[in-house]
Structure formats: structure tokens, C-alpha cells
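The entries follow in the order in which I looked things up.

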Amino acid sequence: MAAKADMEKIVSLCKRRGFIFPSSEIYGGLSSCWDYGPIGVELKRNVKEAWWRAIVLERDDVVGLDTAIMMHPRVWAASGHIDSFTDPLVECKSCHLRWRADAVEGTKCPKCGGELTEPRMFNMMFKTFMGPVEEEASIVYLRPETAQGIFVNFENVVTTSRKKLPLGIAQIGKSFRNEITPGNFIFRTREFEHMELEFFVKPGTDKDWLDYWVKERFEWYVKLGIKKENLRVRQHGKDELAHYAKDCYDIEYLFPMGWAELEGIANRGDFDLTQHSKHSGKDLSYYDAEAGQKYIPYVIEPSAGVDRSVLAFLADAYDEEEVQGEKRTVLHLHPFLAPIKVAVLPLSRNEKLVPLAKEVFKRLCSTFVTDYDDSQSIGRRYRRQDEIGTPYCVTIDFESLEDRQVTIRDRDTLAQIRVPIEHLEKVLEAKLKGEAFDASPLWATRQK
Ligand code: GAP
């Protein structure tokens, strides 16, 4: 039975093992900003890589894009973000703290008891100035979603990729939102990464494609190891829909603080392309040669947060177990996501063992993300690798010097097998892919 991870334990593990640190920590940190450490950056890269593979590389109907964070300010007028990307806020007349109107009860400030103002709309986009003059005409915004970079490039992509609808355009990149109530570690932050797909379809086929993408995206999390019982799908009520959405489903995850949105899959209809056609004066309709029709495509948008996915993968993989009377903390991460795939551990720093251990490390590090660790006892090193989710440890002992065989230890089952060094890559590769691997022929080789 897996231990339910509480947030404090996850935050502490992330700090202790180099996954995630508070931003600008030596200056006391910056509210809701986080830095990914040496282990965390690998996990985050793997999450993005898994998404990119599933969405772009393993399909022939989606292409990738990487657009600028700062865009023409008229983009945000067209998209509705200047008018509608707002939250109602109340301000305390004494201490001037601002609160989300729906997060306070009554008319008193939760901090000092002062009187609160009437709710006022607050735009969540970060503003800055482009160029040396700080004036109205030079205002630019940090994008609150990557999606608009895709919509304004729709025509460029269709023309250059020569692809027909249905066609998806995918992008991973930073987004910024001046959230009023950030929190829960990396769940809600003001700077985060989006993984967004805008899937352009013929109007009338949008409902089927929405169902399709909800199922696809749900399965993606399950394939990468998230327990099905910790995921659920929830359709938005009419009053919750974003200003651009005709329909929307959230994939929710049972986070340590309760069920919450992990990813949203929206039917944006023809809202965005219509708006950009109107505001730019450029006709963004699509000529469907097969149907002999011209129309503004509808868009199905699976939109996920990289950081929120990282948190879900960490929480789901977290476990505390008893092994031979000792407690161990382990991350049962899917091998594809594991930051380090293999750790090479010489039994000790003995001068005879080290050269062979270094030789093994050198063999493996060009194929797998490999760690080399010879500090402290072997037991403590195993615990450290368990805590960062390393699927396999390779141990070099004195017998290895005689027979050139090493021990592979499995993070989850704790089973150990001995394998000739010359077969190590092959065995590890099969194991990391989840293929059953029969080591007995290797033993036969040894006994000959
Ligand atoms: N383009 C559509 C869009 O941005 P959203 O529901 O606002 O939709 C999609 O965001 C996903 O982005 C969320 O499900 C969440 O995973 C992530 N996300 C949104 N705001 C976030 C924040 N402030 N911090 C971390 N992740 C966030």
C-alpha cells in the first residue's frame, strides 16, 4: 500500500535531493517562484520530452512551434485577455493587502480586520515596456498562455507544412500570470511552463475530437505511471467556462491537498482565429480542397502545465516502505521520467575497485543518464538513489575484478542479478523499456 505523500514531505525531499529549490533563496526567497536543481531539471526535461514525443513526434497530424514570449499588444486585445483575463479583487483600506473577492467572507480583511473595498477587476497579465521609454505606446505583456503564438502563426504553418486539416500545432514554453493566490509549492506559480496543443479541425467534427483528446491525454498520464484511481475527468459547468471556450473538461489529479486541475481540454470553437482575422485584417480561414469549402477551423486545445505535471508525477511516485526493518523513502517514477537511469556504485573507494567502476561508468554514460557515487556506505547510497527514483544501481565488488560481472539492483523489487559487463547496456536497455529480461543465458555463458 503506497503511503500518501503529504506536501511537506515532497517539498522537503525536493530540497534535500536537488529537485527544486526556493528561488533566490539566499535573499530569503521570492514568493511562489522556484528553481529546478540538478535532479529536478532532468525530471522536468523528461516530462516535456514524453509530451513532445506523444504529441508531435509519434503522430503525423501535429507539428511543433516555438514562439516569442512577448507579442504585439494587439494580440491580447484580440484574444480577449485584456478585457477578460481578470479576477475580482478587494483591497483592505488599512493594510492595503489585496484578496480575491471569492476567497474572503464578509467585509473585513482576514489579516488586520480592516474594512475592504468593493470588488474591482484585476488583470492577471504581467506588463512591461519594450525599449527605453516607459510610455503607454511601448507596453508589452508577458504571455499568459502559449496558445496565442500558435494562432497568429496558423497561416504560416499551414502554408509551409503543406498539411491538411485536422492539423495540430504544439508548443512548450514559459507563461506568466500575476496570480492572486499562488501556492501549494509548484502547483500554482506566477511563472510556469505550458505544454499546449491547438488542434485545428473542421467545424462539426469538434465534439468527436474533444472526446478523443480527453481520452488520449488521460491515457498519457496513466502510461507514465500515474495511478488511474488518482485521476478523474470533470466537465466544466457553463458558469466556469473561460471566455473563449464552448466546452471544457479538466483532467483532475488527487494532489496532496485534494482533487485539483492537472490539465484542461477545451473546445475553443472558432473564437481565436475569428478574433485574429477581425483585429489583424488578415483572412485566417482555411480552404478545404476535399470538401470544396472555405471555413474558419474549430480548435480543440489540450493545455497542460509542466510544473503541475511534475508535482503530480512526484506525488504519485512517492512512497515510504519498510525494508529489512529499515524505513526507506522511494520514488517509483516511470523509467522514462526517472532523472537518473543508472547509478554506478563501487562497493568502496578501494583502489582496485575504482578503475573498473570508472570503466563501467564510462561505458554507460553515453547511452543512459548515469550517476557515479562512491561516497558513504553502499546502503546509504542505495537509499539516496531510491529517493530520487533511480530504477537501477550497478554495483562493482571484489568478485567483479575476477569475473567481470556486476550486480544490477532493481529499485522497486530490490531483486539483484549478476550480469557480465559486456552485456550491461543490452540488459539495462531492455529493463528500462520494461521488457522482461531473462538473465539465465548470461549465467550459462559464465559457467562455460
Ligand atoms: N491556453 C489555455 C490555458 O492556459 P488553463 O486552464 O488556464 O488553460 C492550462 O491552463 C494548464 O496550465 C492548467 O491545467 C495547469 O496545469 C497549468 N497552469 C495554469 N496556470 C498555472 C499556474 N499559475 N501555475 C502552474 N500551472 C498553471
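Predicted model: local features only at pLDDT ≥ 70, side-chain atom pairs only at ≥ 80, totals over all residues.

I began with glycine 305, where a backbone N or O atom lies 3.0 Å from an oxygen atom of the ligand; a polar contact is here a pair of N or O atoms within 3.5 Å. The ligand taken alone exposes 550 Å², and the protein buries 91% of that; accessible areas come from the Shrake-Rupley method with a 1.4 Å probe. I then looked up two side chains. Histidine 194 places a polar side-chain atom 3.1 Å from an oxygen atom of the ligand, and glutamate 196 has a side-chain N or O atom 2.5 Å from a ligand nitrogen atom.

Residues are numbered from 1 along each chain as its sequence is written, and side-chain values use heavy atoms, with hydrogens and water left out.

I found 20 residues around the ligand, the closest being Glu145, Arg177, Thr189, Glu196 and Glu261; a residue is near if one of its heavy atoms lies within 4 Å. By class, the shell has five nonpolar, five polar and 10 charged residues. Strand β13 gives the most to this shell, with five residues; strands are DSSP runs of E of at least two residues, and helices are runs of H or I of at least four.

The ligand takes up the space of the largest pocket. A pocket is an open set of points on a 1 Å grid over the protein atoms alone, where a 1.4 Å probe fits, with protein on both sides within 12 Å along at least five of seven lines; lining residues have an atom within 4 Å of a point. A molecule sits in a pocket if more than half of its atoms lie within 2 Å of its grid points. I recorded about 1,200 Å³ of space in the largest pocket. Its lining has 42 residues, and Phe85, Arg177, His236, Tyr244 and Glu261 are the closest to its centre. β13 gives the most to this lining, with seven residues.

I recorded a volume of about 850 Å³ for the second largest pocket. Of its 29 lining residues, Ala50, Arg53, Leu224, His334 and Phe336 are the closest to the centre. Helix α2 gives the most to this lining, with eight residues.

Terms used:
Polar contact = N/O pair within 3.5 Å; in protein donor to acceptor, adjacent residues only side chain to side chain. Nonpolar A, V, L, I, M, F, W, Y, C, P; charged D, E, K, R; others polar. Points joined across faces, edges and corners; volume = space filled by probe spheres on them.
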